[in-house]
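Me: I have a structure open and want to go through some of its details. Can you take my questions one at a time?

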Amino acid sequence: MDLIAETIAAIRPLDEAAMNAAREHQDRLTKPRGALGTLEEVSVRLAGIAGVCPPPMPEPAAVAVFAADHGVHAQGVTPWPQEVTAQMVQNFLAGGAVVNVFARQFGAEVRVVDIGVKADLPAADGLISRNVAHGTADLTLEPAMTAEQVRQAVEAGIEIARDLVAAGNRCLVTGDMGIANTTASAALIAAFTGRAAETVTGYGTGIDDATHERKIEVVRTALERVRGELGGELPSADALAVLAHLGGLEHAALAGFILGAAAERVPVVLDGVIAGAAALAAAALAPDVRGACVAGHRSAEPGHAAALSHLELRPLVDLELRLGEGTGALLALPLVQAAVRVLHEVATFDSAGVADKA
């Protein structure tokens, strides 16, 4: 059995007995029933992931920032030069990016993964070198990745998730870096949700209206090409084929990372639109993977809201962020941890000698 199939086979539905135990325990705690709102739902989900109540504390946590370049950059979908991807990788490694600052604030480890950066990156502490190709092909003209490349990237994501869990991490966080990756994300989201290009394509890093119109047309062209090659409606097409045609190497690796976390029964906190697109691919491969996912936030990108709706995930934070890197997911990390700590540490009515309501 190959690694992807083995990982998918290991993914199980949420444990209903553990979830029921978590709900019952929440109702016995010294607070009005349901008073913690969505945090109670998070604690129940994490009990279901782990199969035990209370679930393990989701700490320590590690964020994996998958970096890759995109051939669709040649279509003029962003004013940022492609070299920024490699430059930002160096910034991550130096600890100077927003993801580093947030990770330090919340005690999370940052690992940077070169899965498809166009430049040759020197070895460095904190850098995981798993480069499958120096960027993707132009998705408007041909498949972004070959079938072998997409498999290699998914497998790399699975292996990195396994390694981080084996190192003792009990919560994984998605991160990404890749100039033009919101274009590929919009194409993936449109394909997996069946929505029109103009409804899921946003302004990314802050492009002007003319570039936005160009970006929508690029996504529409790519979708038409893929429909012609795969035939029929895209949501029913093979998930790896859709990923290869329209995604980035970081999308494929993130899909594997999410699958790997679910197989290890460890929660994975999703970041923004790039993670949302990758999660759609992972869920198309293994529907039960959604149980292991926590939506850290809702980004300002319209495609992200569409992805979360399709995945039936409720974001914990909505601050109109559109940075990526794992920043929104990291901001939600203490909320996820607090939700579980409640189950571990808050007294019950009986233990505290507090009268419950009649």
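**Loops, bridges and a buried charge**

Reply: Pro54 sits in the loop between α3 and β1 (61-68). Helices (H or I, at least four residues) and strands (E, at least two) are DSSP runs, numbered from the N terminus.

Me: What kind of model is this, and how are residues numbered?

Reply: This is a predicted model: local features need pLDDT of at least 70, side-chain atom pairs count only at pLDDT 80 or more, and totals for chains, interfaces and linings use all residues. Residues are numbered from 1 along each chain as its sequence is written, and side-chain values use heavy atoms, with hydrogens and water left out.

Me: Back to Pro54. What kind of peptide bond joins Cys53 and Pro54?

Reply: A cis bond, with omega about -5°. Glu59 and Pro60 are also joined by a cis peptide bond, with omega about -5°. Pro60 is found in the loop between α3 and β1.

Me: Why mention it?

Reply: Because most peptide bonds are trans, and most residues other than glycine have a negative phi.

Me: Which phi does Ala180 have, then?

Reply: Phi of Ala180 is near 80°, a positive value, and Ala180 is not a glycine. It lies in the loop between β4 (171-177) and α7 (181-193).

Me: Is Ala180 buried or exposed?

Reply: Ala180 counts as buried, at 8% relative accessibility. Buried means under 20% relative accessible area, exposed over 50%, and partly exposed in between (1.4 Å probe, protein chains only).

Me: And Glu312, what is its phi?

Reply: Glu312 has a positive phi of about 60° and is not a glycine either. Its place is the loop between α13 and α14. At 63% relative accessibility, Glu312 counts as exposed.

Me: New topic. How many salt bridges does the structure hold?

Reply: There are 13. A salt bridge is a side-chain nitrogen of Lys or Arg within 4 Å of a carboxyl oxygen of Asp or Glu.

Me: Which residue does Arg162 pair with?

Reply: Glu6, with the closest N and O atoms 2.7 Å apart. This pair links distant parts of the chain: Arg162 is in helix α6 (residues 147-166) and Glu6 in helix α1 (residues 3-10), 156 residues apart. Arg162 is partly exposed, with a relative accessible area of 30%, and Glu6 is partly exposed at 34%.

Me: What about Arg225, which partner does it have?

Reply: Arg225 forms a salt bridge with Glu229, and their closest N and O atoms are 3.2 Å apart. Both lie in helix α9 (residues 209-230), 4 residues apart, about one turn of the helix. Arg225 is buried at 11% relative accessibility, whereas Glu229 is partly exposed at 47%.

Me: Which residues are linked in a network of salt bridges?

Reply: Glu59, Arg341 and Glu345.

Me: Last one. Where is Glu250?

Reply: In helix α11 (residues 249-263). Glu250 is buried yet has no salt bridge, and the nearest side chain of opposite charge, Lys215, is 12 Å away. For charge, Lys and Arg count as positive and Asp and Glu as negative; His and the chain ends are not counted.

Me: What does Glu250 contact, leaving aside its neighbours within four places in sequence?

Reply: Its contacts (heavy atoms within 4.5 Å) include Phe66, His70, Met177 and Asn181.
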